[in-house]
Protein chains: 4
Amino acid sequence: MSRDFPGEAGRDRLRSALEQALAEGRRHVNRGKVAAYIPPLARADPDALGAAIALPGGEVVAAGDCRHPFTLQSVSKVFSLLLALERLGPGAVFSRVGMEPTGDPFNSVLRLELAEPPRPLNPMINAGAVAVCGLLVEQLGPGSFGELVELVRAAAQSGSVDVDEEVYLAEKETGHRNRALAYFLKDLGVLRAGVEETLDYYFRQCALRVTCVDLARMGLFLAAPPGSPAPVCRELIRMVNAFMVTCGMYNGSGEFAVRAGIPAKSGVSGAVMAVVPGRLGVGVYGPALESRGNSVGGVELLVALSRRLDWSVF
Amino acid sequence: MSRDFPGEAGRDRLRSALEQALAEGRRHVNRGKVAAYIPPLARADPDALGAAIALPGGEVVAAGDCRHPFTLQSVSKVFSLLLALERLGPGAVFSRVGMEPTGDPFNSVLRLELAEPPRPLNPMINAGAVAVCGLLVEQLGPGSFGELVELVRAAAQSGSVDVDEEVYLAEKETGHRNRALAYFLKDLGVLRAGVEETLDYYFRQCALRVTCVDLARMGLFLAAPPGSPAPVCRELIRMVNAFMVTCGMYNGSGEFAVRAGIPAKSGVSGAVMAVVPGRLGVGVYGPALESRGNSVGGVELLVALSRRLDWSVF
Amino acid sequence: MSRDFPGEAGRDRLRSALEQALAEGRRHVNRGKVAAYIPPLARADPDALGAAIALPGGEVVAAGDCRHPFTLQSVSKVFSLLLALERLGPGAVFSRVGMEPTGDPFNSVLRLELAEPPRPLNPMINAGAVAVCGLLVEQLGPGSFGELVELVRAAAQSGSVDVDEEVYLAEKETGHRNRALAYFLKDLGVLRAGVEETLDYYFRQCALRVTCVDLARMGLFLAAPPGSPAPVCRELIRMVNAFMVTCGMYNGSGEFAVRAGIPAKSGVSGAVMAVVPGRLGVGVYGPALESRGNSVGGVELLVALSRRLDWSVF
Amino acid sequence: MSRDFPGEAGRDRLRSALEQALAEGRRHVNRGKVAAYIPPLARADPDALGAAIALPGGEVVAAGDCRHPFTLQSVSKVFSLLLALERLGPGAVFSRVGMEPTGDPFNSVLRLELAEPPRPLNPMINAGAVAVCGLLVEQLGPGSFGELVELVRAAAQSGSVDVDEEVYLAEKETGHRNRALAYFLKDLGVLRAGVEETLDYYFRQCALRVTCVDLARMGLFLAAPPGSPAPVCRELIRMVNAFMVTCGMYNGSGEFAVRAGIPAKSGVSGAVMAVVPGRLGVGVYGPALESRGNSVGGVELLVALSRRLDWSVF
């Protein structure tokens, strides 16, 4: 049982807080819309909302629509960044991608043109994530995608995490904006691997399929509570948590930091992975999105939980 | 004595860490330049570097060039924001200024033109801070500057914090870029108080004069350790700490979050105030700045301290 | 009688073409809106449309709502540029303002921040016109405004052209965006005269009051037909005509060049002055504006006239 | 013999003016650099400068380095635009590309993101030219490239104009920035043909190989002097001439309009085609480029010629 919620009473308190936060989140769901650019995302139930909390001892508390599998989408950026940091080192990674948040949308190309040196502002926007994938392909070969899957499986404590082929193929077919970003990076010399090989890596990581429970455990992995096995260096995990706070929630990151005060990363599938450093992980699924691409219900659920349970790192 | 550094041994360990971090910071000082836009800043000693750490019990550990008084400059933005949040409420404040970090320089006007709704992206860039000052002037009158001074004095536990008239007048005379921002805000309807009255408030808060020890206690005030008197609501303090992490270090904020992992706010005087939430505050003075406006030596000193003493909130 | 329209028959053909073009223009008037930012402009009749053509021999053909006096607004930029070119030389002028058209709105500040060297892109956008006024004030003193009035009167062949005090005062009171641009230019070192003195010059030139006939004669002055007296060097007149083609119609300049093919300058009062080089001048008044700030009816009237009478310089 | 230069004496005067202008242009050549992004361009002689003037009667006056064949590069944009206007109509063309000049570099992607509606600002920047090629491929099939070659051959009065295969293949291999623009246009729905098919069209048109004399005749074709055969509607020719004035010389177009006052289009090979409407055409080759991509010597040569021979349309 965890430090935070010891014994039966602790678990009950946690479950009760989660149920109340879920109810709070549900009140906001109708403000959002599901992503419509590819059919498998467009088919999602806009009213769905579910969440799971993974505690250090292995226990998981879940509520709401927790059975739906969904794809990681941009949540995957956290793990390819972590893989690149671990395998290639911060020096190599940050020669290709910056560390600064940006007020621009996630698929913006504007900054690439204005940035000096010309490189993506951070690894959480699409251009930056493509640059990270390109570095992995360049240095470790396209086969390194297997390492990424292994890392995600280890974090999720689940061998069943795998690529959703339908989503992957749909992304690949319609991903012209990401293709534009990749060719721009190629022109800038930031991307040195093949464009299509790199995009293939990127589209496949976005299409990794998980559940809320998997996602909660992935958050717990990054929370790295004392005593947890540490397959990845603590300092690198802190780096990715920092990126989640400054730019994990697209251009709603600042607002989420102010309101919830914890690292989190969202994806256009409606996924949100949150990390309470040293303590626990949360996985949320709510496919109705606000205009910036974050789960409407998921954000409100996490804000409510963080306030009720005093999770803010600030 | 604090939880972190109990007894004589703890204090010795802290002092030793600070000395080593100071040495580390000093190695970088020659990469920077002092701000030259007004004479009182241009006169600063580029080699100066000093720091103080304020602990919950009232104890302060200091090292280096700690006697120099200096002006808060942008560090003051944190306290006018806090005053506005406390006196007028988050709803009023965030109707005039956003919460998102930006990749632009602190005095950029570009975003004002592109932002939708048209308002400053966050309260840590100049345009946002001017908007906050304008709201205070509009709602509470120019006399509310006295309240700001009281808040800073309470935080610094020092009645001697006051406006440096020479700096204030120099800023006022040369502040054309800030004047441009203010008139732009006026045109957008974000600024409703008088432009010159608002700028006067802004220039005076920038010119508040402190020492490293004052600044460290101001950081401790925002760290709000358990048991500390809480003249300001804890939730509002968390908000300003969140802003410091996402946009407190100009457009080096993301890098500082990744490297040091703690809330901090810098000023072009070379001031850096850092907050270790729940634990302690740090005040640094090092007037040699990198290109983005942060103290070169101050940043390296804080990164070294944070790593050595495990301060990261992530 | 002019080369283009010799004798009675020529005049009849011109009058008939003008009447038809007026009818064409009137069909579009309801797509526009009058400028509303100051009361004297907001009071304009949105349905008004009138035009006059001034021929080399002194003859004028007019049609529609030609009696309304109106203010020059941005049309005045052409004449302060011409004055600056003549009195200070192209070298001095183009050290402060560029020659390139821009896709940005007339009051944009964005380019000022991105341009390298930092100066307004051209003298037809507000920032550029303020820079030109500032140069005149700096080099010739604020009294040079009298010279500008004389130049406009000479061009209009009318001693009654004067500042509309109500418009001038209204612009001065509400001109926060222009004030922002001026302070930005001051900060960049492009504006070296006093900000308020410069803006006063600028607001007064915008408030110069004329009629369609005056405006047509001002266009004829710039057409500089063979045999006309030449108080201003022909080469400088060609320069301002070139600016009118590349950037005289705000960010509708390219479209107007493609459709009408003649130099023209518009103002938010609904004024449009057009120049058929070597041949004649046209003055149009139609206060209903399209989104970019050009007279809706005026543009269509000029396009119809140019096509019918084969005026394109291309 | 032409209206402008009748008889032997006229021809002598023209030849003398051209020789003097050539000497003027040569004085500036060493300020420039040849394009280096593909080997066939990088091999060009930086000191080369030559020009030819084509007169209505069929006569051509040439001087300097006129034997070098070179590729059209961006000059080709004028002819694919003309083909699209003629075959598909202005309505179809301007639904995909705007008419406004821009202060941005020719390969900028920034405007694509900010423009509303999202489409290239004009057909002379790369994004706009790719959009025009895409429209031709979409509506007429890739085989329409044959029509473009025929149009250029007819304009040049030369059956030997053809694709330089080495240049074409080099552009195709290294054209990542253009590929980025094309995928961006695909994402925006502006480009509906296949990306690679469209780029192939674009790269091949850029690689059309001509001489100064060919280029001068192409200019004469667009000058459309009275009595010349008119295989293309005069009004469409005026449109492309208007585009050349507002945006034919990259982001040096405004300056060229002010200094030379005639329509012209440049390419990174060092080609410049100039048009004196109703009168004559000029072809220039000078591979040393200024920073914006225009032939340094070519621009000065044309400015000198235009001033000496009074060519300005203004």
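This is a predicted model: local features need pLDDT of at least 70, side-chain atom pairs count only at pLDDT 80 or more; totals for chains, interfaces and linings use all residues.
Now for the geometry. Two packed helices are described by the angle between their axes and the distance between the axes. Here, α3 spans residues 76–94 of chain D and α11 spans residues 234–247 of chain D; their axes come within 10 Å and cross at roughly 145°. As for handedness, the crossing of α3(D) with α11(D) is right-handed.

Let's hop over to chain A and its sheet. Three strands make up an open, antiparallel sheet, ordered β3-β5-β4. Which strands stand at the edges? They are β3 (70–71) and β4 (162–163) of chain A, and each has a single partner strand, so one side of each has no neighbour in the sheet. Looking at one pairing, β3(A) and β5(A), residues 208–210, run antiparallel and are joined by 2 bridges. In one of these, Phe70(A) has Val210(A) of β5(A) as its bridge partner.

Last stop, the contact between chains A and B. Each chain brings 28 residues to it. On the chain A side, α12 (234–247) and α13 (253–259) each supply at least two residues, and α12(A) gives the largest share, with 8 residues. By class, the side of chain A that touches chain B has 14 nonpolar, 10 polar and 4 charged residues.

Notes. Residues are numbered from 1 along each chain as its sequence is written. Chains are lettered from A and ligands numbered from 1 in the order in which they are written. Axes are lines fitted to C-alpha atoms, for helices over the stretch in contact, and angles run from 0 to 180 degrees between N-to-C directions. Helices (H or I, at least four residues) and strands (E, at least two) are DSSP runs, numbered from the N terminus. A crossing is left-handed if the near helix is turned anticlockwise from the far one by less than a right angle, and right-handed if clockwise. Two strands pair if DSSP finds at least two bridges between them. Two residues are in contact if their C-beta atoms, placed from the backbone, lie within 7 Å. Ala, Val, Leu, Ile, Met, Phe, Trp, Tyr, Cys and Pro count as nonpolar, Asp, Glu, Lys and Arg as charged, and the others, Gly among them, as polar.
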